[in-house]
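Biologist: I'd like a walk through a few backbone features. Could you take them one at a time?

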Amino acid sequence: MRVLFKTDYNQDIKFAKHSGYVFWYGLLLAGVFLAPMALDTYWINELTRVLIYALAGLGLMVVTGFTGQVSLGHAAFMAIGAYTHAFLLTQGVPFFVSLPIAALTSGVVGLLIAIPASRMTGLYLTIASLAFAIVVEDVVIHWEGVTGGNRGMAVDPPMLFGYEIFEAWEYYYIVLVLLIMSIILVLNVLRSPLGRSMLAVRDSEISAESLGIRVARTKVLAFLISAALTGLAGGLFAHFIQFLSPETFGILLSIQLLLMIVVGGLGTVHGAIYGAVLIGFLEATISIMKDWLPPAIGNQPGLEPGLFGVILVLFIIFEPEGVYGRWLKFRTFLENFPFYRRNTFKRQRSYLKTERMR
Amino acid sequence: MSFFEIENLSLSFGGVKAVDGVNFAMEKGEVFTIVGPNGAGKSTIFNMISSFYAPDEGHIRFKGEDITEARADAIARIGIARTFQNIELFEHSTLLQNLLIGREIHNRVPVLRQLIFDPGVRRAELEHRRKVEDVIDFLELAHYRDERIANLPYGVRKKIELGRALCVEPELLLLDEPASGLNPEETEDMGFWIDDIKNDLGISVLMIEHDMSLVNEVSDRVLALNNGCVIAEGSAQEVQNHPDVVAAYLGGAA
């Protein structure tokens, strides 16, 4: 068991709290940067999908995991990012200009939605976000001049300074670098006043307000950052799937994103990544399994959403803290071995919040 | 002009007059205690000061300024911090993070710079941290610094909530039953701290409390409420011996 000796306040601000961080995250970085050399195109593509999901999940984590506002409409932000990016590309805007604009557009839409939505709480906000996603899907279908409507829209491979990114591994690196930058951004938010305000709004709006935190503003900012990150993921996703159609960004994708962060572990950056890995590879596994399974089961419509639902329910019942929470428990077990107490993580709800307002 | 003043404050919930024409004023540097049986309207007054409820009638003035209509998130900026009767801490965060959240109103760094976390943001963070450490020192909380609130016992949480309010660096501190749920020893400590808050930090305290030993020990003046109305005001002794107060608690003819 490691006992940290703290001599400097900066130690609590730094990302790498001790040498273990440097070693393990260094190893992880080396792993993801070297991965394309060891893998064939199929698996590089699967990894790229996981990274894009992780980015979208990270976006949703900001609003749902950190700020406590459950959104069932984040596929819509992916759609906005994807279509904006694809449309700008057809207008001749270069890749690295178009992508930030797409993210920003998505962010601004998120902000505009959040201004009225931040007055709602809980289930009502979730329903509003769901309605918003349906509206966006309809807009995509009917705004044929830009989106191609139901015919869909082909997306060309990205052009970087006159060089066409055609290989899977090249695109993998673009996505990877953008994901790492986004993670750093989110970690920065978490260690600054804005991030703390988000956690405060999540845990108790009433006391956040009494401490001078502008609750509505915090929620709006959370939506802005969240939608921008998810929009960025959408823009990257556009190249990945190479063909956009309205049903790509339907309610199923929204549920999948939410599933990801719940299964991964709500309220942590790790959770978004673990969730993406799990769900991303689950998709791959399901598609491989379909070949083995008897056709009566394998070709069953709704197999994927059904499985997702089962997984979500199992996690909520048995491990509400997700994969990351489970890992933390396991790590504590190892660190304290053989002195781990079985109920270390049991919580009793002893203090009722009776005089809660709202 | 008093430091803090409540004038003819009234609020009804449907047919129930929770607070009915309450008047009182407190001076800077005072510990002013409100007592009264359950349902007397004490917490309701606090919630009106915090702007969680809007009063039907009356005014709240702080340093001569009318703050009745102020937004709930403006109250801390004006210089009033509070604790809650049932503890409203951010349970999934550590003690340190909770206290740092209390520094919110002193944060001047724009959001865009927080995203980049430039050296200026770091400097500001370190400054907040120093202030927070002062409070941790003051309340002797160092032992629990990195502990999540959910893992801590009730008495410690009570102290942390007081600490979080102190991190706001208010001029007026509202304490809603600071000693409820504490054992006699912790209650005694709470009395010392309230004294220190008044004398060393120069913060005025408006407090709701049932524990009469604590009330006697720290209060400069006491106000007794019953059914939303003021029934007595004066020193702790005067109020306790007032026939209406005795009647309110024990029943019988006033």
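**Reading the backbone**

Modeller: Helices (H or I, at least four residues) and strands (E, at least two) are DSSP runs, numbered from the N terminus. This is a predicted model, where local features need pLDDT of at least 70, side-chain atom pairs count only at pLDDT 80 or more, and totals for chains, interfaces and linings use all residues. Residues are numbered from 1 along each chain as its sequence is written, while chains are lettered from A and ligands numbered from 1 in the order in which they are written.

Biologist: Is B:Glu177 buried or exposed?

Modeller: Count the other C-beta atoms, placed from the backbone, within 10 Å of a residue's own: 20 or more is buried, 12 or fewer exposed, in between partly exposed. B:Glu177 has 21, so it is buried; B:Glu169 has 17, so it is partly exposed.

Biologist: And how many residues lie between β9(B) and β10(B) in their hairpin?

Modeller: Strands pair if DSSP finds at least two bridges between them. Five bridges join β9 (residues 221–226) to antiparallel β10 (residues 229–234) in chain B, with B:Leu225 opposite B:Val230. Two residues lie between the strands, and B:Asn227 in the turn has a positive phi of about 50°.
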